Amino acid sequence: MTSSPPITPEAVKAELLRLAEQGNKSFTESLNPGVPNVLGVRVPQLRELAKRIARGDWQAYLATADTYYMEERMLQGMVLGHIRPDEEGVEAYLERVTRFVRLINSWSVCDTFKFAGGKRFVEANRERLWEYLKGWTRAEGEYEIRFGVVMSMQLFMDEAHIHELLRLYDRVRHEGYYVKMGVAWALSVCFVKFPDLTLRYLKEANNLDDFTYNMASRKITESYRVDADRKRLVKGMRRK
C-alpha cells in the first residue's frame, strides 16, 4: 500500500474542512465543552494528515499554521510527533514543543500529543525530557500543567521515578478542572503499577484537594487492572 503524498502548507486548511464533512462535529463538541471552533475531524484522519505534512515542508507549515479551529492546534502537535526530532537538535525540537504547549486549549489537543522518535528518542534524552516535563507541572496555565502531568505519567511511570512522580502530583495547585482530572488519572495509573506505594500515599501522606482525591479513588475503582479487594479498600477511603 502506498502512502499518501505530502501536502503543502497552503492546502492544509482546505483539507481540514474537507475532512470535517466526514467527521462528527456535535460528538466532538460534547467531549470538549466550551472549546470554540470545533470541526469534528476524526483523530485517525488528523494523524494521517499530520504524516503528509511531515513528509513535506513541515517547517513552513508550523511557521504559518493557523489556530482558529481546535483541530488546527491538535494538528500542530501531531506534526511534531512525526518529524525527526534530531534534525534540528533536541533543544530546538523542545522549543517547538513549547510553542505548541502554549497553544493547547482543550484536553483533546493536550492528550493526542506524542514526542517524535518514539522510545529511541525518549531513551536518548531521558533526563532532559524528565526535567522538561517536571517544569510544566509547575507552570501556571491549566493545559500547560495537564501536559506535564499526562506526559510524565506516560513516559516516566517506572521504579526510578515513581516516588518523585507522587511528590510532583501532590504539589500541583490549580483550580482548573482538567488539571485535577489529569492528576486523578495519573494517580490511578500509579496505583495500577505501584499499588502498595500509592495506597500508602493516599492513606497517609497526601495534600490533595477533596475533588482530586475522590476522582483518583473513582478511577482506581473503575479500573479493570485493580483487584476487587483493593477496589473495596480504596472505595472505603473516599472523603465525605
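Helix axes here are lines fitted to C-alpha atoms over the stretch in contact, and angles run from 0 to 180 degrees between N-to-C directions. With that in hand, take helix α6 (residues 90–101) and helix α9 (residues 126–137): their axes come within 12 Å and cross at roughly 20°. This is a predicted model, where local features need pLDDT of at least 70 and side-chain atom pairs count only at pLDDT 80 or more, while totals for chains, interfaces and linings use all residues. Residues are numbered from 1 along each chain as its sequence is written, and side-chain values use heavy atoms, with hydrogens and water left out.

**The α6 and α9 pair**

- The helices themselves are DSSP runs (H or I, at least four residues), numbered from the N terminus.
- At that angle, α6 and α9 are therefore roughly parallel to each other (angles under 35 degrees count as roughly parallel, and over 145 as roughly antiparallel).
- The crossing of α6 past α9 is right-handed, meaning the near helix is turned clockwise from the far one by less than a right angle, with anticlockwise giving left-handed.
- On the α6 side the touching residues are Glu-91, Leu-94, Val-97, Thr-98 and Val-101, and α9 brings Arg-128, Leu-129, Tyr-132 and Trp-136 (contact means heavy atoms within 4.5 Å).
- Sorted by class, this contact has six nonpolar, one polar and two charged residues.
- For those classes, Ala, Val, Leu, Ile, Met, Phe, Trp, Tyr, Cys and Pro count as nonpolar, Asp, Glu, Lys and Arg as charged, and the others, Gly among them, as polar.

**The α1 and α3 pair**

- Helix α1 (residues 12–20) packs against helix α3 (residues 43–54) at an angle of about 160°, and their axes are 11 Å apart.
- That makes α1 and α3 roughly antiparallel to each other, and their crossing is right-handed.
- Val-12, Glu-15, Leu-16 and Leu-19 of α1 meet Gln-45, Leu-46, Leu-49, Arg-52 and Ile-53 of α3.
- The class count for α1 with α3 is six nonpolar, one polar and two charged residues.

**The α11 and α12 pair**

- Helix α11 (residues 162–171) and helix α12 (residues 177–193) have axes that come within 11 Å and cross at roughly 155°.
- So α11 and α12 are roughly antiparallel to each other, and they cross in a left-handed way.
- From α11 the contact takes Ile-162, Leu-166 and Tyr-169, and from α12 Val-183, Ala-186, Leu-187 and Cys-190.
- The tally for α11 with α12 is seven nonpolar, no polar and no charged residues.

**The cavity**

- Searching the whole structure turns up one cavity of 30 Å³ or more.
- A cavity is a set of points, on a 1 Å grid over the protein atoms alone, where a 1.4 Å probe fits but cannot get out, and lining residues have an atom within 4 Å of a point.
- The largest cavity has a volume of about 30 Å³, volume being the space filled by probe spheres set on the points, which are joined across faces, edges and corners.
- Its lining is Leu-202, Tyr-213, Ala-216, Ser-217, Val-234 and Met-237.
- Helix α14 (residues 210–222) gives the most to the lining of the largest cavity, with three residues.

How values were computed
Helices (H or I, at least four residues) and strands (E, at least two) are DSSP runs, numbered from the N terminus. Angles under 35 degrees count as roughly parallel, over 145 as roughly antiparallel, 65 to 115 as roughly perpendicular and the rest as oblique. On a 1 Å grid over the protein atoms alone, a cavity is a set of points where a 1.4 Å probe fits but cannot get out, and a pocket is an open set with protein on both sides within 12 Å along at least five of seven lines; lining residues have an atom within 4 Å of a point.
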